[in-house]
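Look at the model below before reading on. The paragraphs that follow go through a few of its features in turn.

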Amino acid sequence: MSGGVEWALHCCVVLTSVEEPVPATRLAELHDVSASYLAKQLQALSRAGLVRSVQGKAGGYALTREPASITVLDVVEAVDGPAQAFTCTEIRQRGPLATPAESCTAPCPIARAMTAADTAWREALRAVSIADLVQDVASDSGPSALARVSAWLTTPEA
């Protein structure tokens with residue numbers, strides 16, 4: 001999983017704390033990350049319909065849906081794509097003791113294990129929403145944590 005997923009998730013969480021769009025540069029400054037790289041992650045979220053981009057002086061990014069309807073898996077797939085982490089290359093059909101293709105009608109035990117793990121991982125990420133993460137931030141960092149973030153994000157830059 002790319003580092004962009006972490007950045008995108010943090011952006012989605014902090015965007016719940018504001019009512020107006022937030023510029024990518026401001027989000028990058030908040031997280032002390034590269035503005036150009038973060039902009040790519042925000043564009044991926046925009047293409048997936050998770051955030052909208054607003055142009056102009058008051059422009060920036062805002063969530064398109066309620067935080068409870070955006071899952072962690074939505075963000076992962078927006079940034080890294082929907083492909084499975086494991087790709088079977090049928091190693092068992094190679095080398096001096098290769099199994100003939102006609103004998104390989106079912107996935108091998110390794111492919112089955114990796115597919116099961118990928119399915120479990122996706123189900124776990126699908127079960128957690130941005131709203132859940134917001135609630136966890138409040139539990140871990142205190143109820144005023146996101147209010148402080150909101151105040152910082154909406155304070156005009158000097």
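A residue counts as buried when its relative accessible area is under 20%, as exposed when that area is over 50%, and as partly exposed in between. The model is predicted. Trp-7 has a relative accessible area of 22%, so Trp-7 is partly exposed. Tyr-37, with a value of 32%, is partly exposed as well.

These residues can be taken together. A search of the whole structure finds one aromatic pair, and its members are Trp-7 and Tyr-37, arranged edge-to-face with 4.9 Å centre to centre and 85° between the planes. Trp-7 belongs to helix H1 (residues 3-15) and Tyr-37 to helix H3 (residues 35-47), so the pair ties together parts that are 30 residues apart in sequence. Another ring, that of Trp-152, has Arg-26 over its face, at 3.8 Å from the ring centre.

Next come the strands. Strand S1 (residues 51-54) and S2 run antiparallel and are joined by four bridges; Ser-53 has Tyr-61 in S2 as its bridge partner. Five residues lie between S1 and S2 in this hairpin, and Gly-56 in the turn has a positive phi of about 105°.

In a regular strand the side chains alternate between the two faces of the sheet. In strand S2 (residues 60-63), Gly-60 and Ala-62 are on one side, Tyr-61 and Leu-63 are on the other, and all are buried, so both faces are covered.

The largest pocket has a volume of about 230 Å³. Of its 13 lining residues, Pro-21, Val-22, Pro-23, Gly-59 and Leu-153 are the closest to its centre. The lining comprises six nonpolar, three polar and four charged residues.

Technical notes: Residues are numbered from 1 along each chain as its sequence is written. This is a predicted model: local features need pLDDT of at least 70, side-chain atom pairs count only at pLDDT 80 or more; totals for chains, interfaces and linings use all residues. Side-chain values use heavy atoms; hydrogens and water are left out. Rings of Phe, Tyr and Trp (its six-membered ring) pair if their centres lie within 6.5 Å; planes under 30 degrees apart count as stacked, over 60 as edge-to-face and the rest as tilted. Helices (H or I, at least four residues) and strands (E, at least two) are DSSP runs, numbered from the N terminus. Buried means under 20% relative accessible area, exposed over 50%, partly exposed in between (1.4 Å probe, protein chains only). A charge sits over a ring if NZ of Lys or CZ of Arg is within 6 Å of the ring centre and within 35 degrees of the ring normal. On a 1 Å grid over the protein atoms alone, a cavity is a set of points where a 1.4 Å probe fits but cannot get out, and a pocket is an open set with protein on both sides within 12 Å along at least five of seven lines; lining residues have an atom within 4 Å of a point. Grid points are joined across faces, edges and corners, and a volume is the space filled by probe spheres set on the points. Ala, Val, Leu, Ile, Met, Phe, Trp, Tyr, Cys and Pro count as nonpolar, Asp, Glu, Lys and Arg as charged, and the others, Gly among them, as polar. Two strands pair if DSSP finds at least two bridges between them.
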